[in-house]
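Trainee: I'm new to this one and would like a close look at a single part. Could you walk me through it?

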Number of protein chains: 2
Amino acid sequence: MSRWKPDAHGRLMGAAIELFDERGYDATTVAEIAERAGLTKRTFFRYFSDKREVLFSGADQLQRLWLEGIAGAPADATPLAVVTAGLDPVAEMFTERHEFAQIRARIIEANPELQERELIKLQNLAGAVERALVERGVSANAALLAAQSGVTVFHVAFAHWVEQDDPTAFRRLIAKSLADLRSLTAA
Amino acid sequence: MSRWKPDAHGRLMGAAIELFDERGYDATTVAEIAERAGLTKRTFFRYFSDKREVLFSGADQLQRLWLEGIAGAPADATPLAVVTAGLDPVAEMFTERHEFAQIRARIIEANPELQERELIKLQNLAGAVERALVERGVSANAALLAAQSGVTVFHVAFAHWVEQDDPTAFRRLIAKSLADLRSLTAA
């Protein structure tokens, strides 16, 4: 049985990530994931369309939290400040998922098809952030640039966060990544 | 017969883009492309692995030109200046391909699978730019940020370039996109 969260969804995620880590992603079956979680295949498919979804189901939650954060940003904040302030609720979600994220990152790194999926999810996220900025009254051009730059800040901070050992470091790494971007683009 | 370039490669590209535009991408076959170009299917497959490659073969040339541009940038330029200066040779290539690029953009816009391919090519490009910066002695973190930001500048300029009618505007749009990024990230 998995040592991860007690609910069925959490147990399936924990069992899957353990098995992907032990045996490799390709070699792991849905039946094995369900067995490790002490559940049936039928229960697995109630939560996930396939084993790949275990790795990507968090993207919806990430997007929801990011958009909530953007909606809550001060009305007078600059577009890029809105985007990065919107990552505060994401930092809280990530703190609890550090070990999962570390193993997940290794699995994706080793699998080009999963890398493509990750890229597409990230770009969908950029599109959602861009639309949220336009809804706040940001011009189309600034919204596109701020969303893409915000995803770059996120992407760089995330890469550093999974490589180091402190689960709570995400917020600090976002601030560092934003400061690095500012100094890089200073004329 | 296609009104495009006289060499076999150029004729195949021109015939393909005409047919994609007239009939749609999915409805066009390799046999029809070869026929329109006045060539055989066998000749088509000497240049392209499939019809999708007609739309993406330019990415290799783009990458080669961009990396040449980066290699030729002044030694004391900042990382982001290196990346954007590297786009000068790309602007020349693009000037000759504006009409192709406009039709291509419409086709990709209408097809999610092609959008994913485009995204992956763009991210491969970012990876190549990042490695070129590291080879120039830029730190890993700055190289990643500058490459991602450079691809954002490119992506935004490219989107504007295909939407407007002046084939020579790409260089100006890169400068505008870079200036917009600088003002967006100014603290």
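Trainee: Is Ala15(A) buried or exposed, and why?

Mentor: Ala15(A) counts as buried, because it has 25 C-beta neighbours inside 10 Å. The cut-offs go like this: 20 or more other C-beta atoms within 10 Å means buried, 12 or fewer means exposed, and in between is partly exposed, with C-beta atoms placed from the backbone. Keep in mind that this is a predicted model, where local features need pLDDT of at least 70, side-chain atom pairs count only at pLDDT 80 or more, and totals for chains, interfaces and linings use all residues. As for names, residues are numbered from 1 along each chain as its sequence is written, while chains are lettered from A and ligands numbered from 1 in the order in which they are written.

Ala15(A) sits in helix α1 of chain A, residues 8-23. Helices here are DSSP runs (H or I, at least four residues), numbered from the N terminus.

Now for where the chains meet. On chain A, 22 residues are in contact with 22 residues of chain B; contact means C-beta atoms, placed from the backbone, within 7 Å. The helices α6 (79-85), α9 (112-135), α10 (140-163) and α11 (170-185) of chain A each give at least two residues to the side that touches chain B. Of these, α10(A) brings the largest share, ten residues.

Technical notes:
Contact = placed C-beta atoms within 7 Å.
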